[in-house]
Amino acid sequence: MPHTLFEPFRIKSVEPIRMTTRAERERLLDEAKLNPFLLRADDVLLDFLTDSGTSAMSAKQWGAIMEGDESYAGSRSFFRLEKVVRDLTGYQHIIPTHQGRAAERILFSVACKSGDVVPSNTHFDTTRANLEYQGVEPVDLVIPEGLEPRTRHPFKGNIDLGRVEALLAERGDRVPFGMITLTNNSGGGQPVSLGNLRAYRDLLARHGKPLILDACRFAENAMFIKMREPGWADTSPRDIARETFALADGCTMSAKKDGMVNIGGFLALREGRWVEAAKNLLILTEGFPTYGGLAGRDLEALAVGLDEVLDEHYLRYRLRTAEYMGQRLAAAGVAHVEPTGGHAVYLDARSILPHLAPEDYPAWSLCNALYLEAGIRGVEIGSVMFGKRLDSGEETYHSMDLVRLAFPRRVYTQSHFDYAIEAICELKARAHEVRGVRITHQSRYLRHFTAELAWADAKVG
Ligand code: F0G
């Protein structure tokens, strides 16, 4: 029996990719003010900007779309989704939202007050920004290995329990709940073990604090547990996911990831404490609680997606994709976060571009170079995303400068990945030519989305 692990699906509908030349890409990136977010997707060959909302839906999901009940109140599609999410999570209260950040904003608005502190392994950028917007301090307490790109550890997304304990001892009265991101997206898509999660839950419980999961990649996390955590090899990803949710009191969910849909999310809570206030806010800004800013058909597609994503063959192929790319990059000496994450490969720009200083934004520069070289769009997870220009004018920098190549689910085939691997290896050979950048215009929150940049060595005026 051959052991090549192939894509566990056939393709029924295709989208053409428009080819571009290097000269065109130079012009296009200039027009986008050196910000890949401002490129048109049609001008990108392989779009690894994100795995969020970019999944290909299955025939079964498209079929379910036709069954969407578009009633304003009491939609059948909502009750279908509610049942699926209750079965999976065990949580009673399911509040649909248009995407993850809406669930975050609603939760933080009703459960936090200004001056509060919320620990996590690493808050994702929208989570961090939504907390800060409420005057809450997000604290990232991932284990030290989680910040060292080339230190191998099976669960680099684990939270540092000692530091959580210290935080609770010093400022426990300010902590409304603990959070944890599964998998740890900003830290390399790294998983959290059930052992760590249980210990974190126990610690929080001793202080009377609930645990909220940022669950958007819960299925990938479950598969890592199956493959790496002793004692779980014979349990299905679905049962591991159930066990995961059982350890927490609720979750925010961007269904655009492991929900396998193009739009959607939810807030799910075990207990009623925040529910009424959350639903009131939902009605104010998202919609009635049986659709929450989504169409009935979106709720249907999500109900199917949450089931499909837990298929073990799919998850094995999914994690193998990143691992395959990681192995080939490692063989070529291209530094990246190891082991590879669930949804993405994270290139270590500081190591690949040693001639660039932090103020040259090496990860942003590498991201741009990859677009120019091969038409590949990644995303910077580094000091443009997480650094800041303080009111004093001083700049802060992030602990790592990574380029994330995130893989849309069920969209690209192995030859797409082979092309990307070749491109990265060729770029590495000419890494010393990659130019740094400077930010010329930025906004106060989430500046990376709209920032304008210029080449660091460009003559001004
Ligand atoms: N939490 C995590 C861990 C995320 O990765 C994201 C989104 C969100 C919350 C917010 O969800 O986009 O539905 O509002 N991450 C995308 C990404 C944008 O590219 O990683 P959303």
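A polar side-chain atom of arginine 101 sits 2.6 Å from an oxygen atom of the ligand. That is one detail of a predicted model. This report starts at the ligand, then turns to the domains, the salt bridges and some backbone details.

**Around the ligand**

Which residues come nearest to the ligand? There are 17 residues around the ligand, and Thr50, Arg101, Asp214, Ser254 and Lys257 come nearest.

| Residue | Ligand atom | Distance |
|---|---|---|
| Arginine 101 | oxygen | 2.6 Å |
| Asparagine 185 | oxygen | 2.7 Å |
| Lysine 257 | nitrogen | 2.9 Å |

For lysine 257, the distance runs from an N or O atom of the side chain to a nitrogen atom of the ligand. For asparagine 185, a polar side-chain atom faces a ligand oxygen atom at 2.7 Å.

How many residues are in contact between the domains? On the domain 1 side there are 34, and they are in contact with 38 residues of domain 2. The size of an interface is often given as the accessible area lost when the parts come together. Here domain 1 and domain 2 bury about 3100 Å² between them. Carbon and sulfur atoms account for 58% of that area.

Which elements supply the domain 1 side? Helices α12 (312-331) and α15 (383-386) and strands β9 (344-348) and β14 (402-406) each supply at least two residues of the side that touches domain 2. Helix α12 gives the most, with six residues. By class, this side of domain 1 has 15 nonpolar, eight polar and 11 charged residues.

**Salt bridges**

Side chains of opposite charge can pair when their charged atoms come close. The structure holds 40 salt bridges. Nine salt bridges are found across the interface of domain 1 and domain 2. Arginine 409 and glutamate 220 also pair through their side chains, with N to O at 3.1 Å.

Another salt bridge joins arginine 217 and aspartate 51. Their closest N and O atoms are 2.8 Å apart. Where do these two residues lie? Arginine 217 is in the loop between β6 (211-214) and α8 (218-228), and aspartate 51 is in the loop between β1 (46-47) and α2 (59-65), so the pair ties together parts that are 166 residues apart in sequence.

**Backbone details**

Which peptide bond involving threonine 183 is cis? The bond from leucine 182 to threonine 183 is, with omega near -20 degrees. Threonine 183 lies in the loop between β5 (178-181) and α7 (194-206).

Glutamate 338 and proline 339 are also joined by a cis peptide bond, with omega about -10 degrees. Proline 339 is placed in the loop between α12 and β9.

Leucine 34 stands out for its phi angle. Although leucine 34 is not a glycine, its phi is positive, at about 55 degrees. Leucine 34 belongs to the loop between α1 (22-31) and β1.

Definitions and conventions. Residues numbered from 1 in each chain as written. Predicted model: local features only at pLDDT ≥ 70, side-chain atom pairs only at ≥ 80, totals over all residues. Heavy atoms only, no water. Contact = heavy atoms within 4.5 Å. Buried area = accessible area lost by both parts, 1.4 Å probe. Salt bridge = Lys/Arg side-chain N within 4 Å of Asp/Glu carboxyl O. Helix = DSSP H or I, 4+ residues; strand = E, 2+ residues; numbered from the N terminus. Nonpolar A, V, L, I, M, F, W, Y, C, P; charged D, E, K, R; others polar. Near = heavy atom within 4 Å. Polar contact = N/O pair within 3.5 Å; in protein donor to acceptor, adjacent residues only side chain to side chain.
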